Amino acid sequence: MMHGPLFGFLFLMWVLIIIGGAIAVIILGPISISGYGTFDPWINSIVKGAVAIGLSILWVLILAKMKNLIFRKTFNF
Amino acid sequence: MTELIIPAVVSCVVAFFTVYFMTPPLIKYLHKKNLAVKDIHKPGDVMIVRPGGPAIIAGIITSEIVLYAFLQMNEILAILITSFLAFVVGYVDDRKTMGGWFKPLGLALAALPIIFLGAYDSDLAFPLFGAVQIPILYLAIIFFMIIITGNTINSIDIANGVASGFMVIASISLSAALFILQNYEIAIASLPLIFVSLAFYKYHKIPSQIFPGDSGALTLGVMYGAIAIVGQVEVIAAIALLPAILNSFLFLASVKKIVDHRELNEKPVELTSDFKLKSTKNKKARISLVRLIVANTALSEKEVGNVIFKLALFSAGLAIITAFMMEIRI
């Protein structure tokens with residue numbers, strides 16, 4: 001199919017979202033930092049935010065690699 | 001559930017016919033005011049009026065007010081006010097072209113009613129694995145979601161009828177997901193988005209009589225994002241939007257900065273002598289979804305639109321599968 005790689009890339013994005021969700025629940029969920037009194041929720045959020053940003057950057061980097069692999073080969077970009 | 005049928009039917013009828021009957025006089029008015037732009041994919045100097053945003057927001061406001069009269073939920077108010085603020089941001093950009101920073105900042109402000117009305121839940125739900133509690137971080141997600149959904153729908157407005165047609169498909173899958181997850185009130189609040197988009201598609205489909213403009217595209221996208229947040233279906237909503245997200249991703253991966261597409265000189269696609277779209281040979285031009293679609297063969301504007309609709313249907317299917325997966329726990 002002429003546009004098969006596009007559908008394949010969308011499917012890959014979907015799989016990465018599901019895997020990202022699993023990582024978020026398994027890694028982000030259990031993070032709980034205490035001992036800083038009223039700052040606990042803020043510190044928890046900052047740490048979770050940093051991990052989430054790291055995961056998002058990783059997600060974008062994987063997508064960028066896959067984009068190059070799939071589309072450069074198929075469309076000669 | 002049965003008590004929701006009448007509000008659902010009335011709001012859908014109001015949404016559809018407000019846009020259906022308001023758009024023709026709006027087209028006449030915009031012609032009279034000479035608010036038209038050249039349709040670059042057509043031979044000759046075909047001028048199309050814009051923006052169609054006022055008709056779209058009228059349909060959203062009337063239908064959501066009807067729903068609020070029946071249900072009196074803060075979530076409906078949040079959807080209504082956020083969509084209206086996005087319309088204002090888009091309308092300002094339609095009338096006076098603003099810098100690349102304007103829309104993200106404006107849309108971030110448009111997200112505030114969701115927070116002030118408390119129309120959100122700070123748990124972020126994922127399929128198969130459950131939810132994460134992120135009380136403060138979720139506030140950032142609200143801003144992020146509204147900015148992303150508004151801008152991605154705006155950026156997919158690349159051919160006649162694509163933005164509104166894409167929105168019909170994506171919002172049907174969003175409503176279906178909300179029904180599957182038994183979030184009936186928000187599912188009903190999401191129905192007007194389908195009917196507003198459908199009514200506007202009648203005038204926007206190829207050959208377009210009117211373009212939605214930033215005011216129309218941002219309003220549709222932001223309403224979609226607001227429904228996703230208040231309905232707690234953020235991940236499902238993102239999946240249904242994947243073709244539009246892919247388009248934005250390709251744009252950012254090529255350009256590597258936040259900039260309005262109007263500020264870029266190198267065009268990713270060119271027109272053939274018979275007015276088909278083909279990929280440019282210019283290596284400096286950015287990669288876009290349309291460029292990938294026409295990379296191997298030149299296609300007419302209608303054929304490009306049909307490929308995008310097929311991609312949207314594929315993503316809508318994935319979104320509905322994801323909704324069923326939300327009920328399963330590993």
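Predicted model: local features only at pLDDT ≥ 70, side-chain atom pairs only at ≥ 80, totals over all residues.

Before the first number, one term: two residues count as in contact if their C-beta atoms, placed from the backbone, lie within 7 Å. On that basis, among the contacts in chain B with a separation of 6 or more, 76% are between residues 24 or more positions apart.

Overall dimensions next. The C-alpha trace of chain B spans about 55 × 45 × 30 Å along its principal axes. There are 13 helices and 6 strands in chain B, and 55% of its residues count as buried.

The largest nonpolar core contains 126 residues, and B:Y224 and B:I227 have the most contacts inside it. Helix 8 of chain B, residues 184-204, supplies the largest share of this core, with 13 residues. What does B:Y224 touch, leaving out residues up to four places away in sequence? The list is B:T149, B:I153, B:M167, B:A170, B:S171, B:L174, B:L193 and B:A237.

Last, the interface. On it, 29 residues of chain B are in contact with 28 residues of chain A. Elements giving two or more residues to the chain B side include strand 4 (130-133), helix 6 (137-155) and helix 13 (301-325). How does that side divide into nonpolar, polar and charged residues? It has 26 nonpolar residues, 3 polar and no charged.

That is what I have for today.

Methods:
Residues numbered from 1 in each chain as written. Chains lettered and ligands numbered in written order. Core = buried A, V, L, I, M, F, W, Y, C linked by C-beta atoms within 7 Å. Buried ≥ 20, exposed ≤ 12 C-beta atoms within 10 Å, placed from the backbone. Helix = DSSP H or I, 4+ residues; strand = E, 2+ residues; numbered from the N terminus. Nonpolar A, V, L, I, M, F, W, Y, C, P; charged D, E, K, R; others polar.
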